[in-house]
Amino acid sequence: MQMQIKIQRWLFSLLIIGALFVGGCGSSPAANSTPTPNPAGESISLSPSPSPAAVAASSQFSNLPRLEGKATVVMTVKGAPITIELDGTNAPITAGNFVDLVQKGVYDGLVFHRVVREPQPFVVQGGDPQGKDPKFPTARLGTGGFIDPKTSAERRIPLEIKAKGAANPTYSATLEEAGVKEKPVLMHSRGAVAMARSQSPDSASSQFYFTLTDVPFLDGSYAVFGYVKQGMDVVDKIEAGDRIDKATITQGLENFKPVQ
């Protein structure tokens with residue numbers, strides 16, 4: 001019986017991964033497991049001072065925007081707000097990229113193209129810029145990323161995961177690949193906001209997902225960069241095809257460092 005349960009869980013994980021893995025930059029994660037404490041409702045104070053991680057990221061990826069501290073984004077879906085707290089202290093490049101795209105209006109009008117709730121809650125995913133065109137084929141959503149007008153190429157950011165006790169994040173590799181045994185500072189608990197990517201670790205661009213439940217087996221493999229502070233009930237009601245009305249930075253913009 002125990003072996004049968006393990007096989008069922010393994011098959012479920014493969015099913016989810018297969019359903020979410022796509023070409024281009026638009027692939028995403030997998031299923032759920034043991035519940036952990038949910039930080040989505042915790043209050044995070046703003047801090048303008050740069051963290052060691054942000055300083056390191058500044059020199060290593062100077063061509064990418066970054067967030068040195070905290071920021072708050074309010075994303076409206078069908079008229080209802082979702083408040084997201086971004087953690088640039090522990091994910092400066094990933095959070096900075098998101099702030100930059102919000103500032104550019106990239107997410108306004110985009111569709112949530114993938115919602116997985118069955119056979120159990122998993123993720124709500126959106127952020128493909130191709131979804132702004134209502135005539136774009138639905139079947140092809142999930143393959144696009146942000147095209148930087150300065151380079152006329154897709155902007156991709158490195159996989160960025162900070163382990164507990166580490167001075168700086170690990171870049172361009174999962175924690176397992178990097179030989180790091182500690183858990184990430186930012187975990188895939190319910191309400192986490194993380195970047196979708198394809199098989200390549202440095203393939204994330206603009207697509208992101210909300211976790212609908214605790215998904216601990218994604219920890220260390222995908223970059224969490226914030227949490228839903230308010231409006232998780234709105235996330236729970238999102239259906240495939242729903243659009244983001246607007247996304248706005250409401251706090252912490254002084255911590256944002258764009259590319260000059």
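Helix H3 is largely enclosed by the rest of the structure, because eleven of its twelve residues are buried. Buried here means under 20% relative accessible area, with exposed being over 50% and partly exposed in between (1.4 Å probe, protein chains only). Helices (H or I, at least four residues) and strands (E, at least two) are DSSP runs, numbered from the N terminus. This is a predicted model, where local features need pLDDT of at least 70, side-chain atom pairs count only at pLDDT 80 or more, and totals for chains, interfaces and linings use all residues. Residues are numbered from 1 along each chain as its sequence is written, and side-chain values use heavy atoms, leaving out hydrogens and water.

The buried residues of H3 include Pro92, Gly96, Phe98 and Val102. (The expected span is 1.5 Å times one less than the number of residues.) After H3 comes Gly105, with a positive phi near 75°.

What about the nonpolar cores, meaning sets of buried Ala, Val, Leu, Ile, Met, Phe, Trp, Tyr and Cys residues joined through side-chain atoms within 4.5 Å? The largest has 55 residues, and Met75, Ile82, Phe208 and Phe210 have the most contacts inside it. H3 gives the most to this core, with six residues. Another core, of five residues, lies apart from it and includes Leu159 and Ile161.

Rings of Phe, Tyr and Trp (its six-membered ring) pair if their centres lie within 6.5 Å; planes under 30 degrees apart count as stacked, over 60 as edge-to-face and the rest as tilted. The whole structure holds nine such pairs. In one of them, the rings of Phe98 and Phe208 have centres 5.5 Å apart and planes at 80°, so the pair is edge-to-face. Since Phe98 lies in H3 and Phe208 in strand S11 (residues 208-211), the pair ties together parts that are 110 residues apart in sequence. Both Phe98 and Phe208 are buried.

Tyr209 and Tyr222 make an edge-to-face pair as well, at 6.4 Å centre to centre and 80° between the planes. Tyr209 counts as buried at 0% relative accessibility, and Tyr222 is buried at 14%. Arg197 lies over the face of Tyr222, 4.5 Å from the ring centre; a charge sits over a ring if NZ of Lys or CZ of Arg is within 6 Å of the ring centre and within 35 degrees of the ring normal.
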